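Please read it alongside the sequence and the coordinates.

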Amino acid sequence: MKRHMTKNNMIRLLAALSFLLLYIALLNYANRGWNGYTITDDSGIEYETAKVLEVLEDNTVVDETIEGRRRGSMLLGMEILTGRYKGNVVQVENYLSAMYNVYVAEGDKVSVRIDTTGIDEYQVSIYNYNRSGILIGLILIFAVSLIIIGGWQGLRAFAGLMFTFVNVVYLLLPLTLKGYSSLPVTIILVNVTCIVCYYLLGGYQPKTIGASLGCVCGISFSAIFGSIASNITHISAYQMDEAEALILTMSNTNLRLEGLFLSGILIASIGAIMDTAMSVASAMDEIKIKKPEATMRELFFSGMKVGRDTTGTMANTLVLAFAGSSLNMMLLIYSYDVSYNQLMNTDFIVIELVRGIAGSMGVILTVPCVAIITAFVLQKMTKKTRSEG
């Protein structure tokens with residue numbers, strides 16, 4: 001028995017090392033040869049940090065018609081703190097409007113845009129508030145809270161979150177810009193993300209196996225349903241807000257917009273699908289522990305019962321998440337009293353409906369997949385454990 005376990009551990013260790021080496025090689029390939037925006041000695045646009053040394057003039061006034069926001073201009077004396085012009089002191093005219101409203105005081109740090117037009121010739125303008133330190137602080141608060149409350153599991157969950165972030169930012173984005181179709185790349189990455197995150201959280205056990213495989217099925221169903229829905233409604237990335245900018249990007253990259261819309265749906269819905277899968281699998285695993293004699297049929301129907309309660313809230317989560325991210329646009333549409341016919345044929349509305357429904361279908365269909373797979377795995381692994389014992 002001891003030798004058998006040692007052999008299994010060695011196999012898992014070798015598999016983990018092989019995956020890690022392959023993953024590093026893929027990261028290296030994805031990010032090699034991509035230079036992005038080129039900056040030269042006499043040209044380029046850079047975003048750096050600067051400090052307000054002095055407010056030389058403040059010609060702003062409070063406008064009560066736009067909820068007390070300031071309008072006008074400010075003349076600022078500033079020191080550039082980062083980048084190739086670090087240490088230079090410049091005067092910057094800061095214009096404030098209803099939408100562009102960066103009001104600063106002496107000692108404040110801001111993000112500035114530096115446009116280089118020649119050797120040692122440049123123009124500086126205020127870009128936005130300097131939020132990088134605040135954002136890093138918020139991330140640290142989140143990570144510490146997760147680890148304190150969740151303990152070892154919280155640390156594993158944070159590691160899984162970082163793995164997901166790396167997959168999206170350092171694999172999906174560069175591979176898409178290299179010309180790979182985003183949809184198959186996304187499907188592979190979200191499935192790998194599911195499996196790795198579940199393994200980090202629960203290790204190799206029946207509930208993680210069932211949840212992983214069920215999650216793969218749910219993602220596949222979501223992709224299929226989304227593909228069918230987008231085809232029959234004639235919706236693609238070309239109807240999205242960022243389409244024009246992406247089309248311009250296509251001129252100097254190998255970017256393909258085909259499949260990008262569906263990729264966004266899968267990434268947005270993966271969290272809800274994973275939550276549903278683990279909730280069902282964990283409940284079934286607990287039932288099997290408390291009642292070892294439970295049959296595969298009993299486990300399946302127990303999983304389905306738990307899943308029915310979960311799908312309602314998770315589908316709500318997805319639809320409301322999509323609605324929340326588009327609240328401003330929905331408010332604008334409502335304020336214009338748009339007719340039903342115009343509303344239901346507006347690209348924005350169709351996009352949000354397809355997103356919400358496709359993601360929710362993935363959540364719903366994950367439940368029977370997880371229930372039947374987990375019931376099967378629990379029965380098989382229980383019999384194997386008994387026979388070895």
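1. Basis. The model is predicted: local features need pLDDT of at least 70, side-chain atom pairs count only at pLDDT 80 or more, and totals for chains, interfaces and linings use all residues. Residues are numbered from 1 along each chain as its sequence is written, and side-chain values use heavy atoms, with hydrogens and water left out.

2. Nonpolar core. The largest nonpolar core has 38 residues, of which Cys194, Tyr198, Cys215, Ile219, Ile270, Met274 and Met284 touch the most other members. Two or more residues each come from H3, helix H4 (206–233), helix H6 (260–290), helix H7 (296–325) and helix H10 (347–388). The greatest share is that of H6, with 13 residues. Such a core is a set of buried Ala, Val, Leu, Ile, Met, Phe, Trp, Tyr and Cys residues joined through side-chain atoms within 4.5 Å; buried means under 20% relative accessible area, exposed over 50%, and partly exposed in between (1.4 Å probe, protein chains only). Helices (H or I, at least four residues) and strands (E, at least two) are DSSP runs, numbered from the N terminus.

3. Areas come from the Shrake-Rupley method with a 1.4 Å probe. Leucine 17 belongs to helix H1 (residues 2–31), and counts as partly exposed because its relative accessibility is 44%.

4. Negative patch. Asp41, Asp42, Asp120 and Glu121 form a surface patch of negative charge. Aspartate 120 sits in the loop between strand E5 (109–118) and strand E6 (121–129); its relative accessibility is 64%, so aspartate 120 counts as exposed.

5. Positive phi values. Which residue lies in the loop between strand E2 (61–63) and strand E3 (69–80)? Glutamate 67 lies there, with phi near 60°, a positive value in a residue other than glycine. Histidine 234 also has a phi near 60° and is placed in the loop between H4 and helix H5 (243–249).

6. Proline 184. Helix H3 (residues 182–202) contains proline 184, which counts as partly exposed because its relative accessibility is 40%. Proline 184 and cysteine 369 are 185 residues apart in sequence and 21 Å apart in space, C-alpha to C-alpha.

Technical notes. Patches are made of residues with over 30% relative accessible area and no salt bridge: like charges are joined within 9 Å, nonpolar side chains (Val, Leu, Ile, Met, Phe, Trp, Tyr) within 5 Å. A salt bridge is a side-chain nitrogen of Lys or Arg within 4 Å of a carboxyl oxygen of Asp or Glu. Lys and Arg count as positive and Asp and Glu as negative; His and the chain ends are not counted. The place of a charge is taken as NZ of Lys, CZ of Arg, CG of Asp or CD of Glu.
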